[in-house]
Amino acid sequence: MTVTEANFDRALPPPSEMAKADMDSIREKAETLLQSVTRTGAVVPKKGAVGRLVMHSMAMFGREFCYAVEAAFVTPVLLTVGLPKHLYSLVWLISPILGFMLQPVVGSASDHCTCSWGRRRPYILGLGIIMLLGMALYLNGDVMISAVIHERNNQRTWAIVVTMLGVVLFDFAADFIDGPIKAYLFDVCSHQDKEKGLHYHALFTGLGGALGYLTGAMDWGQTVLGYSLASEFQVIFFFAALVFLICLAVHLRSIPEVPLRYENEETKLLLEVTESYKYSSIEEEIKNGYLKSTCTEIKAAAKPGQCAVTSRAEDQRRMTLKSLLKTLASMPSHYRCLCVSHLFGWMAFLSNMLFFTDFMGQVVYQGSPYAPHNSTLYLTYKTGVEMGCWGLCINAISSSVYSYLQKILLPYIGLKGLYFIGYLLFGLGTGLIGLFPNVYSTLALCSLFGVMSSTLYTVPFHLIAEYHREEESLKLQYGEQPGEHRRGKGIDCAALTCMVQLAQIILGVGLGLLVSIAGSVVTVISASMVALIGCCFVAFCVRFVE
């Protein structure tokens, strides 16, 4: 049969129907793409290179290295500048109180940050700078004040003020930075890579702590740097600052973030409909024209002069501290239970770790910190403290090893098994140490501290990622846009991290009094009891996604 021009024209649908079909096809394409997009417009990438995740984890290495340096040197520094004993509790309470009040605010602010560099990295950089400033002040404050002020009485007063300020700034920033780092990981990684990333975080946290404790245990006074610089504290600051700067720079260059822009609707649309499924900068693709055709098609399908996806920027800009507190108070019950279990875990862990070296010196080695410095009792106490530092190093190494084992155990026992075992082993281990204080058994049981440490740094945040993934799946099933009316990962990570500060506040207020009454042994027994209570809470109250 011959097809004439008239027959061919009749076989074609009317022009209006063709345009409508094209518009429907474009809309379907946009909707399909939007289903893989989070509220920020960041597509869920495919499985990424391990090297990128390792680079991302370097921030945890540098942070924990500096933490270990602080744990080893902050007490000697405070004693050197002459800080009165009644101000010790003030030093340790200011930072967690500030962190507990401000952590959710910064977490929410980072959820809505429209910086072209990304949402999380500006906050990570700022907190990293504050960490370096605090470390510089508490390790070098005495030398700095001596160079500026020459009157001895004023020197002592200002040295105490500067050192206290340094400790508070460092603790505040070091505790604070964990939330944005975790939220950054969740934003830029697929679900499988979130699991990997959390395990790498725990691995490098342990390695950084171990290297930091070893650095603090070395005698730098007899080295070339020791002779070149004014004091051993300056040598330690040089190494800690160098390590942290390198780690921070590597972390910030690890995985580019997709910028969140509410004002520029065209750019926001480009970010939301991109078909990029790899770890790369979306802006590079915009510059190269890779996304221009997609934007043109969708803008043609939408109303003239408007983009298809609307912004909720005005509502987000109206978020105040009051509304933020309401958000935290009204969080779903499973989020609240997770926060409570995290609080139990950190109360138990910090109760043991903050006084462990003193426990080794007084209880295990039977020494006394109050004896004359040339007496046998005091030298025995110092030996116990040094052995306690080696115990903390064992804890850091075991944390790294267990973080690797978690990946092997996860398919068999799940998150609930990992969470339960972490609390149970720590509770039993600290209980045995408190009941049978022996040097060798105590050092052996220090490996269980690392199990708890790795658990606290991975499993709760893994559960946060699971909760968000479940919420996204439910919204897609009901035909809603994935990012509509959802909680931000930043504020949820911040709420979880707040439990660390709350644990420090509770211990700072109550545990010091118990130690002064009953001695350091009460800290180990308290840690065991709280961990076992947390173990029961994990088993019966925390919800785990199937």
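These are my notebook entries on a predicted model of one protein chain.

**Ground rules**

I number residues from 1 along each chain as its sequence is written, and side-chain values use heavy atoms, with hydrogens and water left out. Since the model is predicted, local features need pLDDT of at least 70 and side-chain atom pairs count only at pLDDT 80 or more, while totals for chains, interfaces and linings use all residues.

**Entry 1: the whole chain**

I started with the secondary structure and got 21 helices and zero strands. Helices (H or I, at least four residues) and strands (E, at least two) are DSSP runs, numbered from the N terminus. Next I checked burial: of the 546 residues, 52% count as buried. Buried means under 20% relative accessible area, exposed over 50%, and partly exposed in between (1.4 Å probe, protein chains only). The accessible surface comes to about 25,100 Å², and 65% of that belongs to carbon and sulfur atoms. Those areas come from the Shrake-Rupley method with a 1.4 Å probe, and for residues only the protein chains shown count as cover. I also looked at contacts (heavy atoms within 4.5 Å). Among those between residues at least 6 apart in sequence, 82% join residues at least 24 apart.

**Entry 2: salt bridges**

How many salt bridges does a search of the whole structure find? I got five. My cut-off was a side-chain nitrogen of Lys or Arg within 4 Å of a carboxyl oxygen of Asp or Glu. Side chains of opposite charge can pair when their charged atoms come close.

I looked up Asp187 and Arg120, whose side chains meet at 2.6 Å, N to O. Asp187 is in helix 7 (residues 178-188) and Arg120 in the loop between helix 4 (88-111) and helix 5 (121-148), so this pair ties together parts that are 67 residues apart in sequence. Asp187 is buried at 11% relative accessibility, and Arg120 is buried at 0%. Arg119 joins in too: Arg119, Arg120 and Asp187 are linked in a network of salt bridges.

Lys182 bridges to Asp178, with the closest N and O atoms 2.8 Å apart. Lys182 and Asp178 are four residues apart in helix 7, about one helical turn, and both are buried.

Then I went to Glu470 and Arg543, where the closest N and O atoms are 2.9 Å apart. Glu470 lies in helix 19 and Arg543 in the segment after helix 21 (521-540), so the bridge ties together parts that are 73 residues apart in sequence. Glu470 is partly exposed at 27% relative accessibility, and Arg543 is partly exposed at 31%.

**Entry 3: rings**

I found 14 aromatic pairs in the structure. Rings of Phe, Tyr and Trp (its six-membered ring) pair if their centres lie within 6.5 Å; planes under 30 degrees apart count as stacked, over 60 as edge-to-face and the rest as tilted. Tyr419 and Tyr423 have ring centres 5.2 Å apart and planes at 90°, so I put this pair down as edge-to-face. Both sit in helix 18 (residues 376-435), four residues apart, about one turn of the helix. Tyr419 is buried at 0% relative accessibility, and Tyr423 is buried at 0% as well. Elsewhere I noted one aromatic cluster formed by Trp346, Phe349, Phe356, Phe426, Phe449 and Tyr457.

I also checked charges over rings (NZ of Lys or CZ of Arg within 6 Å of the ring centre and within 35 degrees of the ring normal). Lys182 lies over the face of Phe461, at 4.8 Å from the ring centre. Lys407 lies over Tyr200 in the same way, at 5.0 Å from the ring centre.

**Entry 4: a nonpolar patch**

Which residues make the nonpolar surface patch of about 780 Å²? I listed Ile397, Val401, Tyr404, Leu405, Ile408, Leu409, Tyr412 and Ile413. Patches are made of residues with over 30% relative accessible area and no salt bridge; like charges are joined within 9 Å, and nonpolar side chains (Val, Leu, Ile, Met, Phe, Trp, Tyr) within 5 Å. Ile397 is in helix 18 and is partly exposed at 45% relative accessibility.

Val54 is in helix 3 (residues 50-81). Not counting residues up to four places away in sequence, Val54 touches Tyr200 and Phe204.

Last, I looked at Gln366, in the loop between helix 17 (356-364) and helix 18. Its phi is near 60°, a positive value in a residue other than glycine. Most residues other than glycine have a negative phi. Gln366 is exposed, with a relative accessible area of 54%.
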